[in-house]
Amino acid sequence: MKNRILIVDDSFYMRTMLKNMLTDAGYEVVGEAANGQQALEMASATKPDLITLDVILPDNTGLDVLKGIRQEQPDVKVVMCSAVGQEVIVNEALESGATAYIVKPFSEEKVLEIVGSALQNADSGSTEA
Amino acid sequence: MKSREQEYREIFMAEALEYYDAMSRHISELEKDPADEKALNELFRLMHNLKANARAMGHSDIGEVAHRMETIFGLIRSKERAFEGSLVPVLFTGVDTLGSMIRAVGEGEKTANADPLLANLERLVNGEEPVFEEDPDLASDEDATRKLELSDLVYIQIKKLDHLLNLVGELIIDRDRILTLSQEIGNPALQSTAAHLFRIADDLQYSVMDARLVNVGSLFNKFPRVVRDVATAEQKDVELAILGQDIQIDRNILQIITDALLHLVRNAIGHGLETPEVRVKAGKTAEGHLTLSAQTERDDVLIQVIDDGRGIDVESVRKKAVERGLTTAEAARNLDADAVRAFLFEPGFSMAKEVTDISGRGVGLDVVKLAIDSLGGQLRVDSVLGQGTTFSLVLPTSIAVKGALLFEIADRSYAIPLMHTDSVVSLWPDEMHVIGGVLLARVLHENIPVVNLHDLLNSSEDGVLPTANKGSLVGRQDIIIVNYNNRKLGLIVDRFLRQQDIVIKPMSKPLDMIDLFGGVTLLGSGQVCLVLDVPALTRLFLAKRP
């Protein structure tokens with residue numbers, strides 16, 4: 001079974017890049033959310049295996065979204081996406097239960113490596129990506 | 001198929017331009033209210049996104065400017081810096097620089113050197129005073145006259161939608177033809193298929209039209225910055241209100257009226273609104289009020305530019321119209337205020353006593369008028385001396401389909417767009433009078449010149465129309481009252497047919513030289529129907545009246 005991924009980013013450009021990278025690598029992208037509200041709704045509607053979560057969102061911070069998702073789905077893997085300069089938030093996110101983080105601008109290899117290992121830890125060996 | 005790089009480039013550009021628009025808007029908001037946290041957070045987020053996207057695209061220079069801007073907005077957010085003093089012009093320059101860098105990337109040009117700006121941003125981060133190479137006031141003057149641009153991308157190129165819309169137009173014409181044929185043939189199966197085709201094509205047409213709609217806000221939101229810059233250059237105090245941003249309109253219509261709206265706004269600030277001193281003396285608030293509003297009016301969109309400035313002095317317009325030879329002194333005396341104000345839209349007519357930097361250059365109101373005419377829209381001006389002026393633009397929501405009135409002259413069908421028809425009346429000859437060789441009808445307390453459309457269309461190239469003769473009229477006359485630029489004109493036709501939505505196809509060369517006809521449409525009967533152009537028709541009548 002393909003691993004199912006939800007992308008959360010307020011930039012259409014970033015979402016498109018991530019979607020292409022992940023789809024090309026054989027993952028199923030189950031949704032794209034552009035803000036925190038959409039992210040929470042789609043996370044609970046699509047029940048993904050992994051969420052890529054942008055740190056800065058228009059309505060609330062990625063941190064709030066992370067906490068909201070964690071309450072409902074303790075097992076989902078969350079990879080925080082941030083740019084340089086958000087180290088403080090990233091640290092706090094890792095303490096609040098984020099699985100891993102990627103720093104923008106990211107390369108395809110880096111994204112696949114981090115997403116792959118985050119999922120690997122989930123259910124050892126059963127993923128195909 | 002499009003390469004992925006190209007797709008990324010297009011998305012990056014569309015989004016970057018959107019970010020730039022939003023940045024311009026939010027920084028003006030922040031200037032007005034430095035405590036506006038929402039604007040500040042948005043600026044921070046937009047800089048952050050632009051930085052990340054630009055770096056991913058390899059535009060490290062844009063990324064660098066956005067990064068330092070983000071840092072400063074971050075410092076303002078954490079109250080380590082305040083949005084005041086010398087920091088403000090640097091950040092405005094920063095937003096402008098990002099705008100021109102993004103545009104340069106879009107044009108495939110090299111981005112300009114941003115080192116002085118980067119150095120100033122660095123100074124601000126370190127808590128030092130920025131260094132200005134030139135007087136910052138001079139720079140803002142240049143900003144005030146720049147052009148606005150709408151993004152060409154709605155994530156799908158508009159030309160693709162244009163093509164789709166043209167195809168739908170062709171389809172509708174064939175559909176109407178098939179429907180008529182099926183009724184003539186009388187085969188029930190064919191009739192029901194034709195009826196189904198009718199509904200599907202209708203659905204398709206509205207879906208395509210719908211896909212082309214954008215919010216008026218996408219243009220309106222560019223104005224806070226324009227108003228700020230023009231007001232600064234003109235030394236006026238202006239408070240802008242924007243209403244009806246969510247009203248939807250065809251993207252190409254919005255594009256066509258962009259320059260017109262820009263001109264009306266510059267005009268309102270330059271000539272309409274008074275300086276604070278003058279306003280206070282006149283018992284008004286020191287700051288002038290400018291409103292941009294959009295609302296739907298039946299099937300049309302009404303856009304208004306309203307100011308509470310000095311208003312238009314009808315008497316001086318009347319005098320000037322005579323001086324310019326646009327009318328005779330005698331005729332001018334009898335014109336009502338609406339008709340006099342209509343002279344403002346005549347080519348070359350300008351009321352500005354002195355040519356100012358802002359509104360004195362480029363287009364005049366006549367060009368605004370032409371832009372609205374080309375869309376089949378209406379432009380009106382209302383004004384109360386001393387209280388203000390309102391320019392109203394009535395625009396179709398969509399360019400594809402127009403409501404039209406169909407009628408016959410000499411057994412041929414013609415159409416007139418409903419946008420320009422005021423009313424339709426049937427009058428007996430003795431309800432009309434001949435004055436000065438022109439037939440006049442009294443309709444709703446108004447004397448309206450009436451002309452036989454057949455005579456007008458068939459009049460010789462340079463001759464005047466024959467003197468009206470009531471005796472030639474037999475029985476009730478069907479008259480269409482058209483309205484163009486506050487001038488009403490009655491057109492006698494042989495017979496009214498019906499009202500119908502039509503798809504207007506432009507005339508092909510060399511027939512497109514005939515401006516009397518705005519285009520043709522094909523009726524369900526297969527008959528070609530000429531669509532009359534009311535502005536050209538009105539001008540022809542004025543030129544040929546006896």
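**Close-up views of the predicted two-chain model**

**View 1. Asp54(A) and its annotation.** An unreviewed UniProt entry annotates Asp54(A) as "modified residue: 4-aspartylphosphate"; UniProt positions follow the numbering used here, feature names are shortened, and annotations may be inferred rather than shown by experiment. The model is predicted: local features need pLDDT of at least 70 and side-chain atom pairs count only at pLDDT 80 or more, while totals for chains, interfaces and linings use all residues. Residues are numbered from 1 along each chain as its sequence is written, and chains are lettered from A and ligands numbered from 1 in the order in which they are written.

View 2. Asp54(A) belongs to strand 3 (residues 50-54) of chain A; helices (H or I, at least four residues) and strands (E, at least two) are DSSP runs, numbered from the N terminus. Because 31 other C-beta atoms lie within 10 Å, Asp54(A) is buried (20 or more such atoms; exposed, 12 or fewer; partly exposed, in between; C-beta atoms are placed from the backbone). Not counting residues up to four places away in sequence, Asp54(A) is in contact (C-beta atoms within 7 Å) with Val8(A), Asp9(A), Asp10(A), Gly62(A) and Cys81(A).

**View 3. Ser86(B) in its loop.** The loop between helix 3 (60-77) and helix 4 (87-106) of chain B holds Ser86(B). Ser86(B) is partly exposed because it has 14 C-beta neighbours inside 10 Å. Apart from neighbours within four places in sequence, Ser86(B) contacts Glu129(B) and Pro130(B). A C-alpha separation of 9.2 Å relates Ser86(B) to Leu124(B), 38 residues apart along the chain.

**View 4. Contacts between chains A and B.** Contacts join 13 residues of chain A to 13 residues of chain B. On the chain A side, helix 1 (residues 12-24) gives the most, with 6 residues.

How values were computed: Contact = placed C-beta atoms within 7 Å.
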